[in-house]
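Work through the following exercises with the model open. Each task is followed by its solution.

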Amino acid sequence: MKRATVFLMLLVVVKLACSEIVVTEIMYDVSGSESGREWIELYNSANTEKDITGWKLNESNKLHTLSSSSYILSSKSYAIITYNKAKFLIDYPYFKGNIFETSGYMQLSNGGEKIIIENSQRQIMDSVEYADLADEDHSIELKCWNLNNSYMEHWAMSTEKGTPGYGSIDCENDGIPEFNTFGISMVILGIVVAVKKRLS
Ligand SMILES: [Ca+2]
Ligand SMILES: [Ca+2]
Ligand SMILES: [Ca+2]
């Protein structure tokens, strides 16, 4: 195999490996006091659980260590990064996933900024340079977790207060293609015709 081909394949593998934990939502403009109430949503898109012990958030060149009571992200689950877990739970009492607190004060710019998720070895696991696409008290969310979050056209304003812990309305079934009802109808029709033929 040519070296260039091997290199390209490696790049694809690295990209896939890195993009398993993805930033799927950012609440940067809360109404009222924003202090400690902003948050970032992560999604584990892998089929296995992930241990993110020692991972960091690099935001406006401020490096925050993330701490939580559990560092294990179950497969297909969402987690939240925020400065103040207690304040987050007042705003979202229903949230049951992992909540990671930043070691320093996290302040997300209302005009957009670059946020980087790094692992314990400071390798970049995901990064998003967001733009201000949302009204106050709405987050911006990735239209679907399997879209490339580097492109702002893949993001949209959420419903009021955002969707921490679940996917956007535009991504029903969390990225699994919706059932093709026409296709299913055709299969059922085929079975009915086959059974009728056998019986006749
Ligand atoms: Ca803000
Ligand atoms: Ca605000
Ligand atoms: Ca969400």
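**Exercise 1.** Identify the residues that touch the most other members of the largest nonpolar core, and the elements that supply this core.

*Solution.* In this predicted model, the largest nonpolar core has 36 residues. Those touching the most other members are I21, V23, I26, I40, L42, I80 and I81. Next, list the elements that give two or more residues to the core: β1 (21-27), β2 (39-44), β7, β8, β9 (114-118), β10 and β11 (138-142). The largest share, five residues, comes from β1.

**Exercise 2.** Find the contacts of I26, leaving aside neighbours within four places in sequence.

*Solution.* Contact requires C-beta atoms within 7 Å. With that cut-off, I26 is in contact with I40, L108, Y130, S139 and I140.

**Exercise 3.** Trace the pairing around β11 and state how covered this strand is.

*Solution.* Start with β1, which is joined to β11 by two bridges in an antiparallel arrangement; here E25 stands opposite E141. Then take β12: four bridges pair β12 with β11, again antiparallel, and I140 faces M157. Four of the five residues of β11 are buried, so the strand is mostly covered.

**Exercise 4.** Give the strand order of the open sheet and explain which strands lack a neighbour on one side.

*Solution.* The 10 strands follow the order β10-β9-β4-β5-β8-β7-β2-β1-β11-β12, with mixed pairing. β10 (124-129) and β12 (155-160) each have a single partner strand, so one side of each has no neighbour in the sheet. Neighbouring strands are turned by 25° against each other on average, direction ignored. A parallel pair is β7 (residues 78-82) with β8 (residues 98-102), joined by four bridges; T82 stands opposite E101 there.

Definitions and conventions. Residues numbered from 1 in each chain as written. Chains lettered and ligands numbered in written order. Predicted model: local features only at pLDDT ≥ 70, side-chain atom pairs only at ≥ 80, totals over all residues. Pairing = 2+ DSSP bridges. Axes fitted to C-alpha atoms, helices over the stretch in contact; angles between N-to-C directions. Core = buried A, V, L, I, M, F, W, Y, C linked by C-beta atoms within 7 Å. Buried ≥ 20, exposed ≤ 12 C-beta atoms within 10 Å, placed from the backbone. Contact = placed C-beta atoms within 7 Å.
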